[in-house]
Amino acid sequence: MNETRELAKFVYETDFEDMPPDLIDEQRMFVLDAIAAGFIGSQQPWTKMLVEMVRELSGKPEVSVINESWKADISRAALANGTMIGSFECEPLTGTHASGTVFPAVLAICEREHLDGKAFLTALCLGMEVSGRIARTAVGLENERGFHNPGTQGPFAAAAAVGKLYGFNQATLVNALGIAGSHAAGLVEFAWEGANTKRMHLGRASQLGLESALLAEKGFSGPSTVLEGRFGYYNAFSLPTDVSKLLEGLGKDWRIQPPSHKWYATHVTHQAVVHAIQ
């Protein structure tokens with residue numbers, strides 16, 4: 001037990017110097033790939049609908065929206081940018097879709113607070129690792145239970161990354177994760193009709209994870225057993241699983257390695273199919 005607390009402790013205690021140099025190098029390529037995916041996504045009709053809504057609702061013009069001349073508040077910028085990045089099935093994966101859930105939240109906070117590259121890469125890597133571990137511990141979440149993985153685990157990862165940027169202590173990070181658990185959402189029902197909702201799941205996870213961290217900073221509390229508890233993430237979203245796997249090799253074995261970049265703009269399960277056809 002105490003997996004949520006231990007994961008928060010890992011985020012709190014891990015610094016830039018603790019991460020493998022090759023991991024840092026990989027994230028530089030990850031960032032470029034994610035931005036490129038965002039530019040492609042910005043031209044898609046479903047993205048334009050959401051961006052139009054964001055511009056109509058957006059508050060204080062604080063940070064950039066990909067391929068737009070205007071700025072949005074950090075929350076809605078994360079929503080828009082995350083949706084763009086995930087809009088055309090060409091974003092880098094690392095097994096987690098963190099390019100559309102973690103990266104937009106980190107980008108928004110770093111732009112607003114003028115944080116440096118070390119802070120940016122540290123938070124990005126830690127958020128991605130949280131994302132990868134939560135995703136890989138679940139069983140049958142998508143193909144049996146019908147939940148969309150990045151939509152459900154993405155808020156945890158974005159909250160952890162934003163908490164790292166703001167220097168949260170372990171207790172505040174636990175609250176951020178606890179709040180993020182109530183923002184986990186996203187159904188795979190879109191698959192039967194090709195509905196647009198899939199495109200929004202990544203951006204919404206980024207937005208709500210960011211907001212979870214900001215709420216925790218103000219003292220708002222979340223359950224400290226949000227992952228492992230009786231009505232926590234794994235019991236609610238996953239088939240029976242060994243939750244202890246969440247922490248195996250934590251800090252030594254990075255689940256986001258090796259990097260995963262798509263060759264073709266299609267789901268990861270069809271990369272080999274397209275390659276074989278060509």
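Reader: Which residues does Tyr233 touch, not counting residues up to four places away in sequence?

Author: This is a predicted model, in which local features need pLDDT of at least 70, side-chain atom pairs count only at pLDDT 80 or more, and totals for chains, interfaces and linings use all residues. Residues are numbered from 1 along each chain as its sequence is written, and side-chain values use heavy atoms, with hydrogens and water left out. Contact means heavy atoms within 4.5 Å. By that criterion, Tyr233 touches Ile134, Leu141, Asn149, Thr152, Gln153, Phe156, Ala184, Val226, Leu227 and Ser238.

Reader: Which residues touch the most other members of the largest nonpolar core?

Author: A nonpolar core is a set of buried Ala, Val, Leu, Ile, Met, Phe, Trp, Tyr and Cys residues joined through side-chain atoms within 4.5 Å. Buried means under 20% relative accessible area (1.4 Å probe, protein chains only). Among the 75 residues of the largest such core, those touching the most other members are Ile134, Leu227 and Tyr233.

Reader: Which helix gives the most to this core?

Author: Helices are DSSP runs (H or I, at least four residues), numbered from the N terminus. With 9 residues, the greatest contribution comes from residues 117-137, helix H7.

Reader: Is Gly209 buried or exposed?

Author: Gly209 has its place in helix H10 (residues 197-217). Gly209 touches Pro155, Ala158 and Ala159, not counting residues up to four places away in sequence. Because its relative accessible area is 0%, Gly209 is buried.

Notes. Buried < 20%, exposed > 50% of the residue type's maximum accessible area, 1.4 Å probe, protein only. Helix = DSSP H or I, 4+ residues; strand = E, 2+ residues; numbered from the N terminus.
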